[in-house]
Amino acid sequence: MQALSKRDLFLSHVGQTSTFPLALEVSKAEGVFIYDTQGKKYFDLNSGISVSSLGHRHPAVTSAIKDQLDKYLHTMVYGEHIQSPQIKFAQLLKDNLDESLDCVYYLNSGSEVIEAAMKLAKRATGRREIIACRHAYHGSTQGAESLRSDLEYSGAFLPLIPGVKFIEYNNEEDLKKIGSRTAAVIAEPVQAEAGVIPPQNDYLKKLRARCHEMNALLVLDEIQTGFGRTGQLFAHQKYEVIPDLMCIGKAMGGGMPIGGLVGHHELINLFAKKPDLGHITTFGGHPVVCAAAYATLQTLLASDIISGVSTKEKIIKSKLQHPIIKEVRSSGLMMAVELTKRKYLKHVVNKAMDNGVIVDYFLFNNRSFRLAPPLIYQEDELHEALDRLLEAIDYAHKKYEKK
Ligand SMILES: Cc1ncc(COP(=O)(O)O)c(C=O)c1O
């Protein structure tokens with residue numbers, strides 16, 4: 001009997017979340033490139049959805065991981081032992097934030113951070129209502145899923161958490177819905193899965209002011225926008241608002257799984273009182289992963305990677321001109337390319353892949369594709385990737401314009 005291919009084994013024995021997975025058979029990844037098992041090289045313009053901001057296997061990250069491997073792995077559930085990688089990251093992070101954001105509670109993923117934020121907001125305010133923005137994605141656990149307005153996805157999992165209300169992002173009138181019962185508003189500084197929608201007319205400042213007025217906490221989900229993606233270390237710094245709580249994840253670990261809930265220590269430490277052990281985790285803040293996170297943050301801060309973001313954003317925007325490109329929306333290197341017609345989308349994405357360029361879809365926008373390249377692209381590499389992408393766009397246009 002013939003042995004099953006890796007693809008067949010993947011489809012049969014690895015849990016699937018889509019009936020049409022990309023199924024790229026990865027053999028290695030380095031810098032801005034991913035290589036498949038046939039030796040084909042792909043320009044990564046997606047970063048595993050805003051994770052690999054330092055590119056793949058950045059030497060500072062791999063070396064920090066190796067050093068920590070030789071010292072210790074897991075020693076005790078979160079928060080009991082003093083571990084230097086946790087302290088080093090926390091200290092460097094707080095040194096680069098407003099002084100009110102001086103403490104981080106470590107978790108393993110973005111969804112978990114959102115869960116913790118929802119719980120902490122209830123605990124801190126004694127209120128039960130959480131407000132989120134329509135067309136936001138904050139994660140797939142039940143609390144985070146409750147914040148998803150699109151019933152096409154969440155409808156199958158009802159009932160979810162009660163007490164969630166939705167407002168329209170960038171809609172000032174809707175801010176009136178934030179009231180005296182609201183524990184927290186959870187929002188992305190730049191909406192990601194809606195297809196990259198930046199704040200307009202000082203929306204975030206107005207949201208901040210309304211939360212202050214109503215004594216509701218402002219929780220900013222910087223899980224996609226964080227760690228330089230929008231051209232500053234964090235998007236709230238770019239748009240000049242300070243949240244009560246900030247959720248971080250994705251690029252934080254330089255390719256390793258980690259998340260963090262960041263806030264004032266008095267707020268975060270409510271998890272230690274009434275009840276104590278109010279939110280616990282076994283692996284959150286794992287020393288190897290924290291060592292990777294520290295190396296990632298240190299590398300971002302000690303280099304010109306973040307300051308180079310806006311130049312690369314401009315290169316991409318000026319180069320991506322084509323009759324079927326309607327607009328390119330962006331905040332730094334968090335970008336959406338909107339096409340004139342929905343029918344082109346999958347052909348562009350598929351043909352780009354054939355041409356050795358990885359781009360991706362959005363959850364809630366079926367006319368746009370995502371560009372979230374590693375921030376470390378050299379300009380010549382970026383030009384080559386964009387030339388190949390434009391070729392795919394042109395192909396889709398010519399082949400499918402009449403269909
Ligand atoms: C803005 C935002 N928040 C939260 C999450 C959930 O993070 P995770 O997949 O690590 O649970 C995501 C994931 O895509 C995200 O984009």
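This is a predicted model: local features need pLDDT of at least 70, side-chain atom pairs count only at pLDDT 80 or more; totals for chains, interfaces and linings use all residues.
User: Are α13 and α14 parallel or oblique to each other?
Analyst: Helix α13 covers residues 345-354 and helix α14 covers residues 379-400; helices are DSSP runs of H or I with at least four residues, and strands are E runs of at least two. The two axes come within 8 Å and cross at roughly 135 degrees. Axes are lines fitted to C-alpha atoms, for helices over the stretch in contact, and angles run from 0 to 180 degrees between N-to-C directions. Under 35 degrees counts as roughly parallel, over 145 as roughly antiparallel, 65 to 115 as roughly perpendicular and the rest as oblique, so α13 and α14 are oblique.

User: How does α3 run relative to α11, roughly parallel or roughly antiparallel?
Analyst: Helix α3 (residues 59-69) packs against helix α11 (residues 287-302) with the axes 8 Å apart and an angle of about 150 degrees. Their contact (C-beta atoms, placed from the backbone, within 7 Å) includes Ala 60 and Leu 69 of α3, together with Pro 287 and Thr 299 of α11. That angle makes the pair roughly antiparallel.

User: What are the edge strands of the open sheet of 7 strands?
Analyst: Follow the strand order, which is β4-β10-β9-β8-β7-β5-β6 with mixed pairing. Strands pair if DSSP finds at least two bridges between them. An edge strand here pairs on one side only, and that holds for β4 (103-107) and β6.

User: At what angle does α5 run to β10?
Analyst: Look for α5 lying across β4, β5 (129-133), β7 (182-187), β8 (217-221), β9 and β10. Relative to β10, the helix runs at about 30 degrees.

User: Which helix gives the largest share of the shell around the ligand?
Analyst: The ligand is surrounded by 14 residues, and the closest are Ser 109, Gly 110, Ser 111, Gly 139 and Ile 223. The largest share, 3 residues, comes from the helix spanning residues 110-125, which is α5.

User: In the open sheet of 4 strands, which residue of β3 is the bridge partner of Tyr 35?
Analyst: This sheet has the order β1-β2-β3-β13, with mixed pairing. Its edge strands are β1 (26-30) and β13 (357-358). Strands β2 (residues 33-36) and β3 (residues 41-44) pair in the antiparallel sense over 3 bridges. Within β3, the partner of Tyr 35 is Lys 41.

User: Where does Pro 275 lie?
Analyst: Pro 275 is joined to Lys 274 by a cis peptide bond, with omega about 0 degrees. Pro 159 also has a cis bond, to Leu 158, and lies between α7 (151-154) and β6 (164-167). As for Pro 275, its place is the loop between α10 (265-268) and α11.

Terms used:
Residues are numbered from 1 along each chain as its sequence is written. A residue is near a molecule or strand if its C-beta atom, placed from the backbone, lies within 6 Å of it. Two residues are in contact if their C-beta atoms, placed from the backbone, lie within 7 Å.
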